[in-house]
Amino acid sequence: MPEDLAALPLSRVDAVMLPKVGGAQDVADCRTAILAAKGPPGLPLVPIIESAAAVLNATDIAGSAEVLCLAFGRFDLSADLGIDPDAGSPALATARAAIVLASAAAGLHPGLDSPWLNIQDLEGLRTAALRARSDGFGGMLIIHPSHVETVNHVFSPTADEVTWARGIVASAGEAEASGRGAYARDGQMVDEAVVRRARRILHEAQR
């Protein structure tokens, strides 16, 4: 790893993807190697969770300094476990949940799901991206430029979501001004959790 980092123009990169992470020490070692290579001290890191050890240590990895987000390496993890990556194993579902929960607990950007390997199957990519978004991931790793548009579209808030979020934020402001906490809007209760989701949607739309 030190040799790889020394060969990179670290002052011109946005982040470093860190494969084969087993625990927080690997992240710390990467940061040390970046500094030894005279890279920026705050350069963001994206550890890839792709082993059983990494899944079990996801919370510690997510809490390490300079980690921007976590990424999921489904295929290497499946090889580590000796299972079919497409068979719907509970172990893989657990790993996905661990990444989503560890990311949220550490206040990171939502994690990146595994890439879609069938380059020509854009409908399959869209289905996988929709599932990833519904599971709490914030994006996907991609292996081909043709996948960028689909992934960006799926992970961007829809017009309906933005309209809903704007209505919630506006009504929440009115409720707060009148001294109310939770309130009803369109027959549904709105509380702080709903308002937080609406604000997050608007933040994502602005990005």
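A: Glutamate 66 counts as partly exposed, at 31% relative accessibility. (Buried is under 20% relative accessible area, exposed is over 50%, and partly exposed lies in between, with a 1.4 Å probe and protein chains only.) The model is predicted: local features need pLDDT of at least 70, side-chain atom pairs count only at pLDDT 80 or more, and totals for chains, interfaces and linings use all residues. Residues are numbered from 1 along each chain as its sequence is written, and side-chain values use heavy atoms, without hydrogens or water.

Glutamate 66 sits in the loop between H4 and E3. (Helices, H or I of at least four residues, and strands, E of at least two, are DSSP runs numbered from the N terminus.) Its phi is near 70°. That is a positive value in a residue other than glycine.

Now follow the chain to E3 and on to helix H5. E3 covers residues 71-72, and H5 covers residues 74-81. Which residues of H5 are buried? They are Arg74, Leu77 and Ser78. Down the axis of H5, these buried residues fall within an arc of 100°, so they line one face of the helix. An α-helix has 3.6 residues a turn, so residues three or four places apart point the same way.

What does the buried face of H5 pack against? Its partners are H3, strand E3 and H6. Just after H5 comes glycine 82, with a positive phi of about 75°.

Take the H6 partner next. H5 and H6 pack at an angle of about 135°, and their axes are 11 Å apart. (Axes are lines fitted to C-alpha atoms, for helices over the stretch in contact, with angles from 0 to 180 degrees between N-to-C directions.) H5 and H6 are therefore oblique to each other. (Under 35 degrees is roughly parallel, over 145 roughly antiparallel, 65 to 115 roughly perpendicular, and the rest oblique.) On the H5 side, Arg74, Leu77, Ser78 and Leu81 make the contact. On the H6 side, Ala91, Leu92 and Ala95 do. (Contact means heavy atoms within 4.5 Å.)

Serine 51, in the loop between E2 and H3, touches Leu77, Val21 and Asp80, leaving aside its neighbours within four places in sequence. Is serine 51 buried or exposed? Serine 51 is buried, because its relative accessible area is 18%.

Lysine 20 lies between E1 and H2. Its phi is near 55°, positive in a residue other than glycine. Lysine 20 counts as exposed, at 55% relative accessibility.

H6 leads on to the largest nonpolar core. (Such a core is a set of buried Ala, Val, Leu, Ile, Met, Phe, Trp, Tyr and Cys residues joined through side-chain atoms within 4.5 Å.) This core has 35 residues, and Val16, Ile34 and Leu70 touch the most other members. The elements giving two or more residues include strand E1 (16-18), helix H2 (24-36), strand E2 (45-49) and helix H3 (52-56). H6 gives the largest share, five residues. A further core of eleven residues lies apart, with Val162, Ala175, Val190 and Leu202 among them.

Look again at valine 16. Beyond its neighbours within four places in sequence, valine 16 contacts Leu5, Leu10, Cys30, Ile34, Leu43, Pro44, Leu45 and Val46. H2 also holds alanine 36, which counts as exposed at 61% relative accessibility. Alanine 36 and proline 2 are 34 residues apart in sequence, yet 8.0 Å apart in space, C-alpha to C-alpha.

Helix H9 (residues 159-177) and helix H10 (residues 192-206) have axes that come within 8 Å and cross at roughly 130°. H9 and H10 are therefore oblique too. Their contact includes Val162, Trp164 and Ile168 of H9, with Val194, Ile201 and Leu202 of H10.

Finally, the whole. The protein has ten helices and seven strands. Of its 207 residues, 36% are buried. Its C-alpha trace spans about 60 × 40 × 30 Å along the principal axes. Among contacts between residues at least 6 apart in sequence, 65% join residues at least 24 apart.

Definitions and conventions. The arc is that of the directions from the helix axis to the C-beta atoms.
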